[in-house]
Amino acid sequence: MQHKTPRYQVRIPDKYLRTSAAELGRLAAELKARLGSDLCILGHHYQSDEVIELADLAGDSLKLSQLAAQQDQARYIVFCGVHFMAESADILSSDEQVVILPNAQAGCNMADMADADGVAAALDELSAISGDARIVPITYVNSSAAIKAVTGRAGGACCTSSNVRNVFEWALAPKAAGGGGAEKILCVPDQHLGRNTAAAMGYGDDACAIYDPDLPNGGLSADDVARATFLLWKGFCYVHQRFTPAHVKAVRRRHAGIRVIVHPECPREVVRLADAAGSTEQIIRAIQQAPAGSKWAIGTESNLVNRLAKRYGDQFIRVLSDAPALCMTMHLINLPHVVWVLDNLAEGRVVNQVTVETDEARDAKLALDRMIAIKAVRDVTKGKPD
Ligand code: SF4
């Protein structure tokens, strides 16, 4: 499958790298005014403050997918996030719109842990050793357009951490009731999101089995597959996997009355100990609704946590671990790259356009549309031992 999406980032001219942040901010505001309604800048919550200040709209993956689909005015969508998000925006926006990723190297390590051929092979293998059980792929939006296309063709859907539970429930509902008719779900690529969601739905650990793409049949026997309802691709997010039960215990020892809230990409042992788990949007809502004086340790990306700490100065808010939890690829989007993109647009040049090939986009859209039709869960999941 041919991709036109760039993965190699040309070195931007030195003048952008030598200019102060204050001057770049001023230039960006000037260029935004010149480009007017032709331009919409979308910013993921994990971006730095200086980038979020430039964004017209901010959100998590689900919200940004929906916002991208609603942008009917802007000719140029500058996506300050990572590769897979820009691909989704290209799939969901109109053919006339151009989606731009300011730094072509801003990928997602978790998304890169799975590939389309591997997912198609996994579906064949698992179906064969399970005696043709109906296995429906549910693919986290943190995945390439090519995997989303495999998912769409196989009757599956995408999900985000905001709506994953509802998507799993849809997949397991009978076809006659409008569901996906799955006997089993292949959850790609984040094992932790799959395991934590299965637990929140009341399933025990034995309902989950890890599919290791480096091993024949994923390292699973026919009995393993027969026992499992959730077949979990062996992928993870290094930003969230770094949180440990020791962090939860330490923060509780140090701050009496602190509540721990974590993202479901964290390992099961961490989610089990936390007071609550939720997507980025669900975490933000929990903080918004909390009274002054509340104390929180948050297990997710540091840029977002530090921004919440600044915005809600009447609460005590900290990252769960002492060391920062930074997504290094999100960090590749910075003011110099954004201003470089805007400067080029103002001169009539498009750089770093993200384009998904037509057939792939059509099939990936099936999976994205199924996801968007399924409602997101508003609030965090309360922690309870299992
Ligand atoms: S925080 Fe994790 S899942 Fe999100 S973009 Fe970074 S590596 Fe990918």
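How many bridges join β10 to β12? Four bridges do, and these two strands run parallel.

## Before we look around

This is a predicted model, where local features need pLDDT of at least 70, side-chain atom pairs count only at pLDDT 80 or more, and totals for chains, interfaces and linings use all residues. Residues are numbered from 1 along each chain as its sequence is written.

## Around β12

Let's stay with β12 for a moment. Two strands count as paired if DSSP finds at least two bridges between them. Along with its link to β10, β12 is joined by four bridges to strand β13 (residues 316-319), again running parallel. You can pick out the pairings by eye: Arg259 stands opposite Trp296 in β12, and Ala297 stands opposite Arg318 in β13.

β12 is mostly covered, with four of its five residues buried. Here, buried takes 20 or more other C-beta atoms within 10 Å of a residue's own, exposed takes 12 or fewer, and partly exposed lies in between, with C-beta atoms placed from the backbone. Helix α14 (residues 280-289) also has buried residues, namely Thr280, Glu281, Gln282, Ile283 and Ile284. Those pack against α4 (61-70), β10 (259-262), β12 (295-299) and α15 (302-311).

## The five-strand sheet

Now for an open sheet of five strands, in the order β6-β5-β7-β9-β8 with parallel pairing. β6 (157-159) and β8 (208-211) stand at the edges with a single partner strand each, so one side of each has no neighbour in the sheet. From one strand to the next, the twist averages 30°; angles like this run from 0 to 180 degrees between N-to-C directions, and axes are lines fitted to C-alpha atoms, for helices over the stretch in contact.

Three bridges join strand β5 (residues 135-140) to β6, and the two run parallel. In β6, Ala157 is the bridge partner of Ile138. On the sheet packs α7, touching β5, β6 and β7 (184-188), with its direction at about 150° to that of β5. Helix α9 (residues 191-200) packs on the sheet too, touching β5, β7, β8 and β9 (230-233), and its direction makes about 155° with that of β9.

α9 is mostly covered: 10 of its 10 residues are buried, including Gln191, His192, Leu193 and Arg195. Just after α9, Gly202 takes a positive phi of about 95°.

Helix α7 (residues 145-153) has a helix partner, α6 (residues 116-129): they pack at about 25° with their axes 8 Å apart. Ala116, Val119 and Ala120 of α6 meet Ala146, Ile147, Ala149 and Val150 of α7, where contact takes C-beta atoms, placed from the backbone, within 7 Å.

## The nonpolar core

A nonpolar core is a set of buried Ala, Val, Leu, Ile, Met, Phe, Trp, Tyr and Cys residues joined through C-beta atoms within 7 Å. The largest one has 120 residues, and those with the most contacts inside it are Ile77, Phe79, Ile185, Leu231, Val262 and Val338. Helix α16 (residues 335-346) gives the most to this core, with seven residues.

Not counting residues up to four places away in sequence, Val262 touches Phe243, Val270, Val271, Ala274, Ala277, Gly299, Thr300 and Leu320.

Technical notes. Contact = placed C-beta atoms within 7 Å.
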